[in-house]
Amino acid sequence: MSTAAATVRPREVLADLLPASRLKDAALVLGGAALTGLAAQIAVPVPGSPVPVTGQTFAALLVGTALGASRGLASLVLYALAGLAGVPWFAGGSSGVSVSFGYILGMLLASTVVGALARRGADRSVPRMAGTMLLGEAIIYAVGVPYLAYAADLSASAALAAGLTPFLIGDALKAALAMGLMPTAWKLIDKD
């Protein structure tokens, strides 16, 4: 058995495998926020929707899973606060509050939940990771779509049509990518 595999405890997330320090935690939080901001720049407009398809949700869920609940939440809080303060790293280089800000709020909660589940081993296998990603996506939509309806003055059906339906296939692909990445990372660590 390898040293890395022997030191992995069931309550660890990937970030816990690095030597513990406050500097490491700060760097991970900053890196998680930066990754989310970079991924948000991958933005494709959706006809009929004020919300673009972005890599932001994928990054937010990956950050939560890899860093755990507290560091994942801290990363997304930093991301949100910096964007509110004017850093142009929301979708497509925007900042401030927009009709899609509810999705960012949903990402805060989703990152925390998927991080807590990862700490319970949900990132170790494809089936558990699938459930984790689906739950994370559902949380993002549960906050983002009602916020969109309120902020854009849309009916519930119009908000679902503009803020949920066009994104389901893309989010399924992003979830599938995450389902492959995290369990594979653990398998590679176990082989060292």
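These legends describe an overall view and several close-ups of one predicted protein model. Residues are numbered from 1 along each chain as its sequence is written, and side-chain values use heavy atoms, with hydrogens and water left out. In this predicted model, local features need pLDDT of at least 70 and side-chain atom pairs count only at pLDDT 80 or more, while totals for chains, interfaces and linings use all residues.

View 1. The order along the sequence is α-α-β-β-α-α-α-α-α-α. Helices (H or I, at least four residues) and strands (E, at least two) are DSSP runs, numbered from the N terminus. Along the principal axes, the C-alpha atoms fill a box of roughly 60 × 35 × 20 Å.

**View 2. Burial across the chain.** Of the 192 residues, 46% count as buried. Buried means under 20% relative accessible area, exposed over 50%, and partly exposed in between (1.4 Å probe, protein chains only).

**View 3. Helix α5 (101-119) and its cover.** This helix has 19 residues. From first C-alpha to last, α5 reaches 28 Å, close to the 27 Å expected at 1.5 Å a residue. The expected span is 1.5 Å times one less than the number of residues. Buried residues of α5 include Phe101, Tyr103, Ile104, Met107, Leu108 and Val114. Their cover includes α3 (56-67), α4, α6 (126-151) and α7 (156-163). After α5 comes Gly121, whose phi is positive, near 95°.

**View 4. Ser111 in helix α5.** Ser111 counts as buried because its relative accessibility is 0%. Ser111 touches Ala60, Val63, Gly64, Ala69, Gly72, Leu73 and Leu76. This list does not count residues up to four places away in sequence. Contact means heavy atoms within 4.5 Å.

**View 5. Gly86 in the loop between α4 (69-84) and α5.** Gly86 counts as partly exposed because its relative accessibility is 36%. Gly86 and Gly96 are 10 residues apart in sequence. In space, Gly86 and Gly96 are 6.2 Å apart, C-alpha to C-alpha.
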